[in-house]
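I set down here what I looked up in the structure, entry by entry.

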Amino acid sequence: MQTHMKQNLWGYLFIGPFIIGFLAFTIIPIIASFYFSFTSYDLFNSPEWIGLDNFKEMFTSDPRYLHSLKITFIYVFAGVPLRLLFALVVAMLLNTASRAVGLYRTLYYLPSLIGGSVAVAIMWRQIFGDDGIVNLALMTMGIDPVRWFGNPTAALWMLIFLSVWQFGSSMLIFLAGLKSIPQSYYEAASVDGASFFQKFFNITIPMLSPVILFNAVMQTIAAFMTFVPAYIISKGTGGPLDGTLLYSLYLFKQGFEFFHMGYASAMAWVMLVIIGILTSLIFFSSKYWVHYESEGGR
Amino acid sequence: MKKSLLVLLGMMMILWLAACSGDDSSEDTSGDTDDTSEETDTDSDSEASGDQVTLRIAWWGSQPRHDYTLEVIELYEEQNPNVTIEPEYASWDDYWQKLSPQAAANELPDIIQMDLSYISQYAENGQLADLEPFLGSEIDDSNIAENTIEGGRINDGLYGFNLGSNALSFQYNPEILAEIGIEEIPETYSWDEYQEMAQQAADAGYYFDNGMQADVFFNYYLRQNGARLYAEDGSGLGYDDDQLFVDFFTIIQEQVEVEATPTPDFMAQLAGPEDDPVVLGDGVGIFQWSNQFVGLEDMSEHTFAFATPPGENLEDGLFLKPSMYFSISENSEQKEAAAAFIDFWVNDVEANKLILGDRGVPVSSVVQEEIADDVSEAQQAVFDYVAWAEENSTPMGAPDPAGAGEIIEQLTNISEQIAYGEITPEDAAEHFRTQAEGILGN
């Protein structure tokens, strides 16, 4: 008994720093923000209880909020599938045996590491500038150049491209998933004379579906919370014409620029609910398309 | 083996605890701000005897301003070896977004560059220290006009030290003006004449200007019509007739339509102020504050001259604005040392030979005289223009109310929508009024 207690004590001591940090920097702020979401709080004076007014204001008298919700949905529903598709294609290319494959994997993962940095935003300004590489490419194809930073729709698509470009983490997971598909399935299919696409749709996709589900859920959640690229590319304004005013950016502006911390907290909780609903929808749909080997292929 | 691991762990825990308790103590001292005079006295005494003072100073600006401000700081550190100054600088937007979390955490830098549109917000929330006790002691105000100092008064306290005066102006490139066939911009010219000149520029393939900053010039326009943007008591908008809004933004819109002003998507595409068409010599001039003249000449290879903004009723429109302030944060533990730096900033001649009026015309009459020989023609032009404006303007009126920052963002947003043709000026006027009164009414 004595030694048992002592052993436990050691355990607690070791996880102590994490527990304390988790309480102080995660749990307490979560509880506090839940409370703030029912108050009017300007950061300087003590919060004032206003019940559900923050939530009411969001959906009835804040057109900017509804606008930012709309463009965030566009960002998520256009960005995530594109990103997953791109990650899958690259993963399949990298899955072929080649001597330099390790180098390629590193190279393709790099954008994900530096994606949120200021240097990328500056590079992006060059790439999408008036005489940047994207517009030069468009012009050689005979298409008129686009003012990427001046047109609200184009600016949002620029953000989506940036997120697609950061496909590295999903790609690695897909790669691991591809490696775990037994080679014998493909061999058997080849013997039966299946084409590449038949193999892809009848072996790769079903075998990979749990991994696709995982990636879809994680990427959807992450996409909803995107902040840094929108902040850096629009120089913190969400412009032009609020075209890049993603949910988190508007939340940040409400909290730290307009000093409406109560409203910002309420926005954060609404975002949690939205993400929760979306995630459960994906999970609900998964039983129709995800194939688990361990359940006898049902 | 096990023992050494234990020792290591123990040391880490101690370090960690020490870090935590350090935080606590600083929070305690900044927390009770009521009897600051006593507390800061003892604090700064101990700092002075402990011979090392570290001051944090924050400002916004562009690269030339960062450069010379760092030089002034270096100069001050040379003369005061016991003072170390940690600079924190950013562009305008980033600056305010950085400042508000610091304010919420009681971690504001000791010296904060403040703007008219935010000073009420910070002062009324008890974030800034009253500078009155430092006047005549740490800060020598003997050569500074009473009016100038009063520019930093919010309610009953002096919450910012005015660093210089500013006036609205049109800074134009005489060569291009001649090229579009205009010899001279008259001292006063009506808004119609402005649009005629702009049309001439557009016909010659030049931009006349790069637009007008919505909040600044709308206020100027309102003043010319006997109103202002904010009510004197800050409880609402300072104009009743939405037709004024419609008229002003219709002019702005027409300027874009005739291509005398670049389209908003063109402006958004610019990487920075260095790429501005006026800076590059593709436009006649810029409507902006007088202190920005030096930076403009610095960035551009062209030379510029001063003219007034449009409108026949110039005197009512123009006003001298405190270009910016240095404020001391209430949570600062070394307010005296911070005040001493402000004194150096406004009164030291050598320092002002570096500053050269970039933060507005120097407030000290002695400094103004002493640096007269050192200033370039460009800077002298700024001083002359502000001196002229002082004679031809009306008082600024009450400072911007708390919430002005949000109003400015809304107005900028709405004027952007007008420029993109998303909304008519008529609808915009109504929207803006509803939004602004919602913000100010709270």
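Which handedness does the crossing of α3(A) and α10(A) have? I found the crossing of these two helices to be right-handed (left-handed if the near helix is turned anticlockwise from the far one by less than a right angle, right-handed if clockwise).

**Basis of the entries.** The model is predicted, and I noted that local features need pLDDT of at least 70 and side-chain atom pairs count only at pLDDT 80 or more, while totals for chains, interfaces and linings use all residues. Residues are numbered from 1 along each chain as its sequence is written, and chains are lettered from A and ligands numbered from 1 in the order in which they are written.

**Helix pair in chain A.** I looked up α3 (residues 63-94) and α10 (residues 196-224) of chain A, which pack at an angle of about 145° with their axes 9 Å apart. Helices (H or I, at least four residues) and strands (E, at least two) are DSSP runs numbered from the N terminus; axes are lines fitted to C-alpha atoms, for helices over the stretch in contact, and angles run from 0 to 180 degrees between N-to-C directions. The contact includes A:Tyr75, A:Gly79 and A:Arg83 of α3(A) and A:Ile212, A:Gln219 and A:Phe224 of α10(A); residues are in contact if their C-beta atoms, placed from the backbone, lie within 7 Å. By class, I recorded eight nonpolar, five polar and one charged residue in the contact of α3(A) with α10(A). Ala, Val, Leu, Ile, Met, Phe, Trp, Tyr, Cys and Pro count as nonpolar, Asp, Glu, Lys and Arg as charged, and the others, Gly among them, as polar.

**Sheet in chain B.** I traced an open, antiparallel sheet of three strands in the order β9-β8-β10; strands pair if DSSP finds at least two bridges between them. Because β9 (285-289) and β10 (305-307) of chain B each have a single partner strand, they stand at the edges, and one side of each lacks a neighbour in the sheet. Neighbouring strands are turned by 35° against each other on average, direction ignored. Five bridges join β8 (residues 168-172) of chain B to β9(B), and B:Ser169 stands opposite B:Gln288 in β9(B).

**Domains of chain B.** The assignment, automatic or from a database, gives domain 1 (52-164 + 323-380) and domain 2 (168-321 + 394-441). Their centres, taken over C-alpha atoms, are 28 Å apart. The contact takes 20 residues from domain 1 and 17 residues from domain 2 of chain B. On the domain 1 side, the largest share, seven residues, comes from α5(B).

**Chain interface.** Lastly, I noted that 21 residues of chain A are in contact with 24 residues of chain B. The chain A side divides into nine nonpolar, seven polar and five charged residues.

Note on methods:
Contact = placed C-beta atoms within 7 Å.
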